[in-house]
Structure formats: structure tokens, C-alpha cells
Amino acid sequence: MFTKAQIKLTILYSFFFLSLFWVFSFGLYEWMNASFGEGYISQVEHRQGGSVVDEDAIKPGNSNAHIVTVAGDVALDQLFRNLIALNGILVFVVPAISWYVARRTLTPVQKIHEQQKQFVSDASHELRTPLSIMSGEMEVILKKDRNASDYKKTIISTKEELDRLNSLVENLLFLAREDQGKKSLQLETVDITDVVNSAIAVLHSKAKSKHILVNFEPPQDSISLKGSEALLKQLFVNLIDNAIKYTLEKRTVTISIKKKNDSVEVVIKDTGVGVSEEDKERIFDRFYRADTSRSQTKGYGLGLAISRAIVERHHGTLTLSSQVGKGSTFRVMLPYSG
Ligand code: ADP
């Protein structure tokens, strides 16, 4: 597909630049031709002591005009041959350069296309997994008559898979909308402490079930910023959820908010498994999960991609510092609006 596009683009570029050179050569030749003509008339005038040229004097046979005419003809002839040679060389050089430029032009498009293809294939794979689990469970339960508790177990497990499927579809929709072009945010004045508090409240029972202490250090004064309350809540739910998910039982997660110059800094620090150097950038990619997480926890690898998209929508930054086995610190910097 991209080779065809590259060939078409090469033809287009070559046609454009060769036409440009040909028009330029033709123009140059015509201009030189006219200039020699004028030069020849003015030299004849000069020889006649500045008087107005009479028609006979500038006829080619006239001795006054002869030298200028010959010199002009030779120069024009030479120019003509040089232009033909130059354009002959360009017929080969221009397509070669166009081929290279076409490839450079298409490389970013090709990269985006590959990413999209990968995204669709990962999404299909992730959608298929819960569907096959549900279908398998249904087949097993329907094979013979079962008691009520067996049916209940299957329904509960199916409901869990459906919830996971639902959250996956919502995440995919969010990213698809982001890709479609960014609608401007509905800005509202948001108290950052309230948003973080409500995110912690969502995850309270999850932290409790792992006996994890969530230590929140709010700022002394309230800090407001302009943003979308719903998206910011989703951002902090994602980050705190990860902090709890990737931290062993009975450990601590610390969340702090500080005002720093023109920014608000929210730090989510856990004492969990940490992230290796090679995974540090990749974990923000869609569907990427570190190998250790794949085997130990459930997830789709979309949370951080969404979190980064939300932070960028708010013109902020999301960074990570981490040490394997010691824990991770995610730092969100958002512009402060007073
Ligand atoms: P998910 O948690 O569903 O896998 P995310 O996009 O939220 O998806 O995270 C991507 C990957 O980044 C996780 O699979 C995990 O490997 C790693 N990760 C994210 N947060 C943490 C954390 N706090 N500690 C260690 N690893 C983390």
C-alpha cells in the first residue's frame, strides 16, 4: 500500500519539479535571446554615434552588426546546449531525489498507520478474551442440569467478565475520541484536593481489602485550577488504582499535593513492585503491560495511556521515577490558575 503511494508521490514530485525546470530553462533562453537582441541594437547605435538606428543598419548583413550577431548566436547556441544537457541530467536526478523525499514524507504516516493497525489488533484480541471465557462457561453449565449454586457461580463470573468488557469498551471509546481530534475541554474551576479525595474514596474498599494504608497529605490552603472535574477524577483514580494494584499487602501509598510556582504538583508514591528502566516509557503505550503485571494482576494496559492523554489535555505533564522492588512515584504537574 505504501509502496504504491510512494510511486505515485514520486511521479507527482518529479512531474512538478521537471516542469518547473523546463519552464525556467525556456524562460531563461527567451530572456537571453531578447537581451542579446537589445545588446546588438544598442551596440549598433553606439557605433553610429548615438543616432536612432535605421532599419538597414541592424540587418544581419551589415558589418556594424556582424560581430555582435555572431557572438550572440554562439552564446545562445551554447546556452541552448547547456540547458538541454542540464535538463537531460535532471530527468534522472529529479526522480531519484523525489523517491527519497516521497519516502521521507510517507514515513510518519506509515508509522501512524502501523500504530493504528496494532491498536485495532490488540483491541480485538482483548475483546475476544472475555467473550470466549463467557461462552466457554455457558457451554459447560448448559451441558447438563445443575443446581442453583452452580448457576449462580456462572452468573457471577459472567457479570465480572461483562464489567471488565464494559470498562474496556469505555476506555477504547475514550481513546478513539481522543484520536478523532480533540474537542475543547469544558473548563470548570476545580478544587484539586476535592478531586483527589473523591478518587481515594472510590478506591477505599480496594485498599482496605489489601490492608494498604493510603496516606493523603493535602495542601494547607485549597488549590483550584481550570479543568474537567470528571477527567481529573478519572486520572487520579487510574494512578491511585495502579499504586494499590502494584503494591504488596500491608504497605503504604502516599499522595501529596503542593503548589509549585505556576503549577500544582500531585505526587502518587507507592512502595510496590516498581518499573524497570526499559519499561519506563513503554508503560504509557496503549495495551503495554510489564511482564510481571501480566501474570500477577488483571488489566488491559490502557490506564496510563488514558492518564497521559488527560494530563496533556490539561497542558500538564505526567512523569515517573521508579526503582524495581522499591516502588514508583508518578508526578502530575498541572498549570495553576489561581
Ligand atoms: P494496567 O494496570 O491495566 O495493566 P496501565 O496502563 O494502568 O494498565 O499500566 C500499564 C503497566 O504499567 C502495568 O501493566 C504495569 O506493568 C505498569 N504500572 C503501572 N503503574 C504501576 C505502578 N504503580 N507500579 C508498578 N508498575 C506499574
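Select Asp77 and Arg81 first: these residues form a salt bridge (a side-chain nitrogen of Lys or Arg within 4 Å of a carboxyl oxygen of Asp or Glu), with 3.0 Å between the closest N and O atoms. Because Asp77 and Arg81 are four residues apart in helix H2 (residues 63-142), about one helical turn separates them. The structure holds ten salt bridges. The model is predicted, so local features need pLDDT of at least 70 and side-chain atom pairs count only at pLDDT 80 or more, while totals for chains, interfaces and linings use all residues. Residues are numbered from 1 along each chain as its sequence is written, and side-chain values use heavy atoms, without hydrogens and water.

Next, select the ligand and its shell. The ligand is surrounded by 21 residues (a heavy atom within 4 Å), and the closest are Asn242, Tyr246, Arg289, Ser293 and Leu304. By class, the shell comprises eleven nonpolar, seven polar (Gly counted here) and three charged residues.

Colour helix H6 (229-245), helix H8 (303-313) and strand E7 (327-335), each of which supplies at least two shell residues. Helix H6 contributes the most, with three residues.

Now display the polar contacts (pairs of N or O atoms within 3.5 Å). A polar backbone atom of Leu304 lies 2.8 Å from a ligand oxygen. For Ala290, a backbone N or O atom is 3.1 Å from an oxygen atom of the ligand. At Ser328, a side-chain N or O atom is 3.4 Å from a ligand nitrogen. Of the 530 Å² that the ligand exposes when taken alone, the protein buries 97% (Shrake-Rupley method, 1.4 Å probe).

Definitions and conventions:
Polar contact = N/O pair within 3.5 Å; in protein donor to acceptor, adjacent residues only side chain to side chain.
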